[in-house]
Amino acid sequence: MPSTRSIARVGSSLALGLALTGVAAAQAPGTGTGLDVELELTARFVGAFVGNLILGGLLVALGPRYATEKAAEISDDPGAAFVWGLLVSIVVPILLVLIAITIVGLVVTIPGLIVVAIVGVVGQAVSVVWIGNAIAGSDGRVGGRAALAGAAALAVPAAIPILGNLVTWLVGLLGTGVVGRGLYESWQD
């Protein structure tokens with residue numbers, strides 16, 4: 001069993017990476033920050049790179065077999081992964097909010113939304129390593145090189161203020177779709 005210090009370090013690293021990504025993503029040219037456009041784009045790139053590298057690196061470090069399987073699922077059927085991503089990211093939260101209208105529904109909605117958020121974070125990590133694996137051209141196994149290449153590849157469009165957010169969200173839907181489908185299938189068994 002891992003020590004609580006290891007878990008705390010991993011959690012702290014993940015929180016720091018996500019915080020840096022959020023701070024950099026919130027910076028858009030012309031928001032009155034006083035930074036030039038080049039500096040703002042650099043901050044967005046670095047924030048997205050660090051955040052994606054942490055997510056992809058943690059996935060590869062903690063579950064290399066899982067990362068390899070999910071990246072292969074996206075490569076085998078990206079259309080189904082995208083549709084599942086739309087269902088998990090849009091339809092399920094809407095249904096959960098509708099269930100929350102009743103007081104009893106809150107018991108289901110709150111944990112359900114937490115699960116959807118976790119699936120989204122893991123799905124983004126899967127998308128990072130899938131993109132990196134496609135770029136790095138490895139032998140099918142996902143590793144640290146795939147996480148690094150994927151983080152760099154997704155940081156480039158993320159640096160573009162509006163279009164980049166759309167592109168990274170669409171790519172993230174693929175990972176969210178395969179993670180959500182896997183969770184649903186394991187629940188059905």
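Hi everyone, let's start with contacts, meaning heavy atoms within 4.5 Å. Among contacts in this protein between residues at least 6 apart in sequence, 71% join residues at least 24 apart.

A word on the source: this is a predicted model, where local features need pLDDT of at least 70, side-chain atom pairs count only at pLDDT 80 or more, and totals for chains, interfaces and linings use all residues. Residues are numbered from 1 along each chain as its sequence is written, and side-chain values use heavy atoms, with hydrogens and water left out.

Now, the helices. The protein has seven helices and zero strands; these are DSSP runs, numbered from the N terminus, with helices being H or I of at least four residues and strands E of at least two.

The largest nonpolar core has 23 residues, including Val126 and Trp130. By nonpolar core I mean buried Ala, Val, Leu, Ile, Met, Phe, Trp, Tyr and Cys residues joined through side-chain atoms within 4.5 Å. Which helix gives the largest share of this core? That is H5, with seven residues.

Val126 touches Leu59, Ile74 and Val178, among others, not counting residues up to four places away in sequence.

Gln124 also sits in H5, which covers residues 106-136. Gln124 counts as buried because its relative accessibility is 18%. Leaving aside neighbours within four places in sequence, Gln124's contacts include Asn52 and Leu55. Both Asn52 and Leu55 are among the buried residues of H2.

Note on methods
Buried < 20%, exposed > 50% of the residue type's maximum accessible area, 1.4 Å probe, protein only.
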